[in-house]
Amino acid sequence: MTTWFTRLGVAFFGWLWWLVLPVRRAVARDNLHRALPGAPTHLLRHAVGSVAWGYLELLAGRRVAWTGLEEARGGAVLFTAHLGPWDLCLLAAARIAPLTVFLKVPSNPVAAWLIARLRAHPDVDLEPLPVQGSLAAARRALDRGRVVVFVLDQRHAAGLPVPFFHTPAWTSAAYAALVHRCQPRLFATTQWRTADGRLVAHAQRLHWTIPDDRDEAIAHLTARTQQWLEARVREHPADWWWLHRRWRSPR
C-alpha cells in the first residue's frame with residue numbers, strides 16, 4: 001500500500017472513531033492528559049486510526065520488517081506493549097521466531113475471527129499460554145527454545161502497584177517471577193508507524209541485573225519494565241493504545 005493511501009486510511013479511521021464511534025474517548029483523553037499534560041488530542045486519533053488500519057493491512061497480507069528479533073531465537077523472555085498495530089506486528093514476529101504468549105481474545109468478533117484465522121497460517125508459529133498454569137507452561141516453552149512474550153501495559157488487579165507516568169499502575173508480576181526463576185535472555189520490543197505510514201518494529205536485548213532475593217527481584221524488574229515502556233511511549237505517544245484503563249485501582 002502506498003504511503004499516502006496509508007496516511008489517508010489512518011486519518012479516516014481516527015476521525016471516524018472521534019466523531020462517530022467515540023468508544024472510550026473520554027478515557028483516552030484523560031489518560032493522555034494525565035501522562036502528558038498539554039499533549040494534543042490528534043495523538044489519540046492517530047493511535048486508534050493506526051490500529052484500525054492495521055487490521056486492513058492484515059487482510060491485505062502486509063508484512064512487517066522486524067529488526068533484532070532473530071537474536072531472540074533459541075529461548076528468551078520478551079516484554080512489549082500495545083504500541084502501533086499490535087496484532088499485525090505480533091503475527092509478523094511469529095514468522096521469525098516461535099512465540100508463546102498469553103493472549104486476550106479481542107472483544108470485536110470480526111477482529112477475533114480475523115486474528116484466529118491468521119494465527120492458523122502455516123508460517124505463523126504462535127502458541128497461546130493457558131489461563132491456568134501459565135507460568136509452568138511458560139517455563140516449558142523456554143526449555144523448548146521458544147520466545148515467551150508478556151504484554152505489560154495492561155492493568156492487572158492482582159499485580160504490583162508500580163509507577164507509570166508518575167502514577168501507580170497495577171502491573172502483573174508474572175514476568176518478573178519467570179525471569180527470576182529461569183534467568184533467561186531478556187528482550188523488549190517497540191513498534192510504531194512513521195510519519196509517512198510505514199511500520200517499524202524493533203527487538204532490543206536487555207542486560208539487566210537480576211537481584212538474588214525473589215521479592216526484591218520481582219519488585220525491581222516489574223518497576224523497571226514500566227520505566228522502559230514509559231520511555232517508549234514518550235518517544236512515540238501517537239502509537240500507544242490510550243484506551244486502556246491503565247491507572248484504575250482494584251476495588
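Predicted model: local features only at pLDDT ≥ 70, side-chain atom pairs only at ≥ 80, totals over all residues.
View 1. Just after α3, glycine 61 takes a positive phi of about 80°.

**View 2. The buried face of helix α2.** Helix α2 covers residues 25–35, and its buried residues are Val27, Ala28, Asn31, Leu32 and Ala35. Seen down the axis of α2, these buried residues fall within an arc of 130°, so they line one face of the helix. An α-helix has 3.6 residues a turn, so residues three or four places apart point the same way. What covers the buried residues of α2 includes α1 (3–19), α3 (42–59) and α8 (214–235).

**View 3. Leucine 103 in its loop.** Leucine 103 is placed in the loop between β3 (99–101) and α5 (109–119), and this leucine is buried, with a relative accessible area of 18%. From leucine 103 to valine 149 there are 46 residues along the sequence, while in space the two are 9.5 Å apart, C-alpha to C-alpha.

**View 4. The hairpin of β6 and β7.** Strand β6 (residues 160–164) and strand β7 (residues 167–171) run antiparallel and are joined by 5 bridges. The bridge partner of leucine 160 is threonine 171, in β7. The hairpin has 2 residues between the strands, and in this hairpin phenylalanine 165 takes a positive phi near 55°.

**View 5. Alanine 203 and what it touches.** Alanine 203 lies in strand β9, which covers residues 199–206, and this alanine is buried, with a relative accessible area of 4%. Leaving aside residues up to four places away in sequence, alanine 203 touches Trp66, Thr67, Gly68, Leu69, Ala188 and Thr189. Glutamate 235 is 32 residues from alanine 203 along the chain, and the C-alpha atoms of the two are separated by 15 Å.

**View 6. Confidence across the model.** The protein averages a pLDDT of 92, and 96% of the residues score at least 70. Among the elements of the protein, the lowest mean pLDDT, 71, belongs to α5, whereas the highest, 98, belongs to α8.

How values were computed:
Residues numbered from 1 in each chain as written. Heavy atoms only, no water. Buried < 20%, exposed > 50% of the residue type's maximum accessible area, 1.4 Å probe, protein only. Helix = DSSP H or I, 4+ residues; strand = E, 2+ residues; numbered from the N terminus. Arc of directions from axis to C-beta. Contact = heavy atoms within 4.5 Å. pLDDT = per-residue confidence, 0-100. Pairing = 2+ DSSP bridges.
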